[in-house]
There are 2 protein chains.
Amino acid sequence: MDIKDRVRNKALHAKIVSAEEAATVIKPGMNIGTSGFTPSGYPKAVPLALAERIKKEHFQINLWTGASVGKELDGALAAVNGINKRLPYQTNNEIRKSLNSGGVKYCDLHLSHTAQMSRYGFLGGKVDVAIIEACAITEEGHIIPTTSMGNSASFVQSADIVIVEVNTSQPLALEGMHDVYIPLDPPHRLPIPIVKADDRIGTPYIPCGLDKITYIVPCDIRDDVRDLAAIDDDARAMSALFIDFLKKDIKAGRMPKGLLPLQSGVGSVANAVVSGFAESEFTDLEVYTEVIQDGMLDLADVGKLKSASGTSFSPSPAGLERFYQNIDTYRKIMMLRPQEIANSPEIARRIGVIAMNTAIELDIYGNVNSTHIMGTKMMNGIGGSGDFARNAYLTCFFSTSTAKNGAISSIVPMVSHVDHTEHDVDIFVTELGVADVRGLSPKERARVIIENCAHPDYKPMLMDYLERAEKATKCAQTPHILTEALSWHTRFIETGTMKKQ
Amino acid sequence: MDIKDRVRNKALHAKIVSAEEAATVIKPGMNIGTSGFTPSGYPKAVPLALAERIKKEHFQINLWTGASVGKELDGALAAVNGINKRLPYQTNNEIRKSLNSGGVKYCDLHLSHTAQMSRYGFLGGKVDVAIIEACAITEEGHIIPTTSMGNSASFVQSADIVIVEVNTSQPLALEGMHDVYIPLDPPHRLPIPIVKADDRIGTPYIPCGLDKITYIVPCDIRDDVRDLAAIDDDARAMSALFIDFLKKDIKAGRMPKGLLPLQSGVGSVANAVVSGFAESEFTDLEVYTEVIQDGMLDLADVGKLKSASGTSFSPSPAGLERFYQNIDTYRKIMMLRPQEIANSPEIARRIGVIAMNTAIELDIYGNVNSTHIMGTKMMNGIGGSGDFARNAYLTCFFSTSTAKNGAISSIVPMVSHVDHTEHDVDIFVTELGVADVRGLSPKERARVIIENCAHPDYKPMLMDYLERAEKATKCAQTPHILTEALSWHTRFIETGTMKKQ
């Protein structure tokens with residue numbers, strides 16, 4: 001199909017240019033806001049052309065996206081040292097290397113905060129150029145997005161220059177899958193009118209208009225989707241433990257019988273947990289989350305998914321094929337929203353999501369590190385975990401009890417970085433068990449976490465720390481031996497294991 | 001005035017009993033939910049009678065309140081070792097001693113979370129007995145609260161047994177000041193229909209009904225309100241710096257010209273900052289906050305306060321007199337709401353509050369400790385600071401640059417406990433300056449915070465740490481020397497000062 005068939009208003013055809021030409025509007029130091037959330041729905045042709053320009057002209061831009069994006073954007077620009085500031089999330093190896101070594105300045109933000117902070121002018125000026133991947137452009141000049149919504153709608157609204165990449169590899173059948181709503185800013189903001197996970201409140205396109213589009217660029221590069229790790233025994237165990245926990249909570253009257261909308265973080269463990277629901281007795285499941293992954297296709301395929309709302313569709317390559325083959329069926333129950341709506345604290349709390357996210361490490365008192373390896377090195381970012389964890393009906397963090405073949409205990413005396421505080425967690429699940437810390441004091445929490453979730457290799461060490469900390473600090477809500485609190489991390493750095501030699 | 005005039009339905013007069021008799025319905029291990037938020041509007045007679053009973057019978061109950069309460073409740077029950085679990089906030093000396101030494105189990109919660117967690121059954125069963133202070137009881141058996149709303153309405157809704165303390169020291173003119181709205185729980189919850197800070201959405205009483213009231217107890221003990229510290233030079237400097245910052249942000253287009261609703265934490269510094277607005281050029285100020293303090297009376301008295309919404313009225317003794325003398329005027333612009341509405345993340349984000357809270361310490365990367373002295377000893381609790389900080393339009397934390405006559409630097413390499421993460425802060429204010437960290441990476445943040453906010457005695461030490469950490473960790477988003485990160489705290493514990501000897 002020719003790009004001109006996807007640009008439905010003929011007057012717009014005059015704006016179709018090459019990626020190279022479109023990239024010339026970008027000036028050094030500009031804030032570039034793009035579509036894309038996970039390696040889905042991000043622009044590819046213009047960033048590649050921009051990277052080529054930067055290679056010759058040596059300048060930098062600031063890159064604002066929905067979340068992580070694919071290699072043609074983050075990777076290509078980082079490789080030519082083209083990024084000054086990056087926000088709000090990343091997973092690309094090139095970027096990660098650069099931000100940790102001090103090249104790229106990375107501002108790690110709650111994903112629901114990014115769009116409004118950009119509109120408020122809090123991120124260093126407003127969006128100068130929006131580059132948005134589209135399936136098509138309507139007769140009125142509105143943009144039909146592709147496999148993600150992210151911050152695209154807000155960036156288009158704010159930007160002076162709008163470049164639309166019409167990607168012919170994206171099926172037109174995506175049209176109708178989006179629900180675009182941009183809140184007004186204070187003091188004019190109104191309630192977001194979602195009361196059920198699948199309520200539609202907006203338009204199926206990004207409002208733009210003929211005049212606002214500066215350039216249209218053809219592209220046929222496919223989303224660089226990635227394989228998920230196979231579901232292993234640990235992930236299966238965590239999923240089973242969690243589903244069993246929910247059943248007991250329903251029985252105890254603490255959870256509605258039909259459950260509540262599921263939210264699950266990005267990645268293999270979260271995907272495995274969702275997949276586990278396909279084999280459970282639960283039916284008519286609702287999903288209100290950030291990223292729609294393969295596990296939700298599994299739920300749909302066994303007829304257990306009532307609806308799934310997210311801001312991105314981020315399947316494995318096999319999942320993408322599966323989706324494309326039945327897109328008309330999936331589209332009826334799946335919806336992509338702007339991330340400030342998908343991750344909205346207001347909605348998460350109102351509809352009462354069950355939040356399932358992954359921790360890098362947690363401590364005996366229930367604080368969670370989601371971002372920093374050994375307290376210093378950025379892994380990916382906080383993503384949407386904070387938006388959901390703080391506001392969910394029930395907040396669960398998952399982690400295997402150890403990492404690096406047992407050299408790292410995921411449960412430590414004190415986490416080396418805090419992304420979610422003790423105030424924001426309800427339960428923890430490792431492959432060994434569930435720790436329910438709701439309504440507990442720190443000393444009570446510590447015992448439940450160690451007893452139910454820690455690995456046997458580390459359990460005595462953790463209990464020993466707790467008991468000595470209690471003795472050392474006679475007057476403490478949260479006992480710690482400060483000279484030792486981070487010693488597990490330093491031992492790992494020095495010896496390669498948290499175990500005592 | 002006789003209590004019978006305040007119990008407007010004569011059929012209820014038969015339920016009037018002594019505090020001692022009412023206290024007999026309380027059984028060991030029960031969850032007791034009371035009114036009260038700060039030393040305002042808490043029950044007094046029944047708790048004192050309960051403490052007497054416990055002194056003889058030796059048992060414990062769990063105490064759930066709005067926030068901190070007065071000595072007749074927290075103090076009296078802690079003194080007889082009558083409290084097993086305490087939540088969600090406290091400031092009483094007896095309780096603080098006991099929870100730190102391991103007597104009382106203290107569960108420190110976000111104040112907007114408490115009511116719904118109690119309804120969800122997450123806090124160890126539901127409320128067994130609600131004890132609520134009232135001005136009066138209506139003809140229909142509904143309860144007119146006094147100087148705070150807190151969690152009273154939700155506790156009344158959930159409890160099997162409701163004891164109403166009708167306090168004749170509380171003026172009847174408080175009637176009409178309350179706006180009571182209890183959200184439904186998921187999956188039935190609807191948008192909270194507040195779009196302006198002063199919108200009224202509920203009833204002026206706590207819905208209860210004649211049958212639900214178990215006992216009515218007369219009381220004439222006044223709220224144990226406390227003096228605020230006098231506004232000192234540091235507080236005055238912080239207030240001036242902050243107001244100046246706001247003016248510049250308005251000029252830069254980052255803040256609406258008429259400002260946005262102010263939220264201010266409890267205590268002397270917050271009160272001083274609010275007071276500072278009375279001398280500013282700003283007019284028609286709106287307040288959407290937790291606690292209405294003297295500073296807001298100052299604003300009202302100079303005609304600059306359009307409206308103030310809170311969950312508690314917590315003045316100094318002089319402020320209380322001032323309030324009583326002009327109660328009919330103040331009542332027109334002041335409103336008390338349940339704390340899950342006053343502190344609602346949904347509303348804070350929608351109307352876009354300017355959140356002003358106090359930190360115990362912050363670190364060079366912008367993490368904030370609001371609760372734990374030297375990482376272990378509980379001060380008060382997180383209170384509502386998290387509800388507002390995460391969801392505000394602009395989030396500011398205040399702290400003097402040093403404490404304990406300079407022996408403690410309020411800015412440290414790594415905070416010893418995290419209540420607000422680097423993702424939740426916009427600006428910091430000490431008496432020395434303002435650090436605007438919006439949109440900055442951790443390394444950028446560190447330099448701005450040290451340069452603008454740190455005390456000269458500690459500035460070189462902080463820069464030295466930062467630079468050495470950067471050298472030591474070549475691959476770090478957030479450079480730290482883990483063996484040294486908490487050494488300032490251990491040095492203080494060992495030597496009495498964070499300064500190097």
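**Charge, fold and local geometry of the predicted model**

Chain A carries 52 positive and 60 negative side chains, and the centres of these two sets lie 3 Å apart. The model described here is a predicted one. Chain A exposes about 15,800 Å², of which carbon and sulfur atoms supply 51%.

Turning to overall form, the C-alpha trace of chain A spans about 75 × 50 × 45 Å along its principal axes. The radius of gyration of chain A is 23 Å, which agrees with the value near 23 Å that a compact globule of 501 residues would have. Of those 501 residues in chain A, 67% are buried. Among contacts in chain A with a separation of 6 or more, 74% come from residues 24 or more positions apart. The secondary structure of chain A comprises 18 helices and 26 strands.

Two of the annotated residues can be followed in detail. A:Gly267 is found in the loop that runs between strand E10 (262-264) and helix H9 (268-278) of chain A. Setting aside residues up to four places away in sequence, A:Gly267 touches A:Leu228 and A:Gln293. A:Asn380, for its part, sits in the loop between strand E20 (377-378) and helix H15 (385-389) of chain A. With a relative accessibility of 18%, A:Asn380 counts as buried, because the cut-off is under 20%. On the same terms of sequence separation, the residues that A:Asn380 touches are A:Tyr89, A:Gln90, A:Thr91, A:Arg96, A:Tyr106 and A:Thr371.

The buried members of H10(A) are A:Asp294, A:Gly295, A:Met296, A:Leu297, A:Leu299 and A:Ala300. After H10(A) comes A:Gly303, with a positive phi near 75°.

Backbone geometry holds a few further points of interest. Most residues other than glycine have a negative phi, and most peptide bonds are trans. In chain A, a cis peptide bond with omega of about 0° joins A:Leu87 and A:Pro88. A:Pro88 is placed in the loop between strand E3 (83-87) and helix H5 (93-101) of chain A. In chain B, a cis peptide bond joins B:Pro186 and B:Pro187, with omega at about 5°. The loop that holds B:Pro187 lies between strand E8 (161-167) and strand E9 (213-219) of chain B.

A:Met374 is not a glycine, yet its phi is positive, at about 50°. This residue is in the loop between strand E19 (372-373) and E20 of chain A. At 11% relative accessibility, A:Met374 counts as buried. In chain B, the phi of B:Thr38 is likewise positive, near 60°. B:Thr38 has its place in the loop between strand E1 (31-34) and helix H3 (45-57) of chain B, and its relative accessibility of 3% makes it buried.

Finally, B:Glu484 lies in the loop between helix H17 (459-472) and helix H18 (487-495) of chain B. With a relative accessible area of 22%, B:Glu484 is partly exposed. Leaving aside neighbours within four places in sequence, B:Glu484 is in contact with B:Tyr465 and B:Arg468. From B:Glu484 to B:Thr34 the separation is 450 residues in sequence and 45 Å in space, C-alpha to C-alpha.

Technical notes
Residues numbered from 1 in each chain as written. Chains lettered and ligands numbered in written order. Predicted model: local features only at pLDDT ≥ 70, side-chain atom pairs only at ≥ 80, totals over all residues. Heavy atoms only, no water. Helix = DSSP H or I, 4+ residues; strand = E, 2+ residues; numbered from the N terminus. Rg over C-alpha atoms; globule rule 2.2 N^0.38 Å. Buried < 20%, exposed > 50% of the residue type's maximum accessible area, 1.4 Å probe, protein only. Contact = heavy atoms within 4.5 Å. Areas by Shrake-Rupley, 256 points an atom, 1.4 Å probe, with all protein chains shown as cover. Lys, Arg positive; Asp, Glu negative; His and termini not counted. Charge placed at Lys NZ, Arg CZ, Asp CG, Glu CD.
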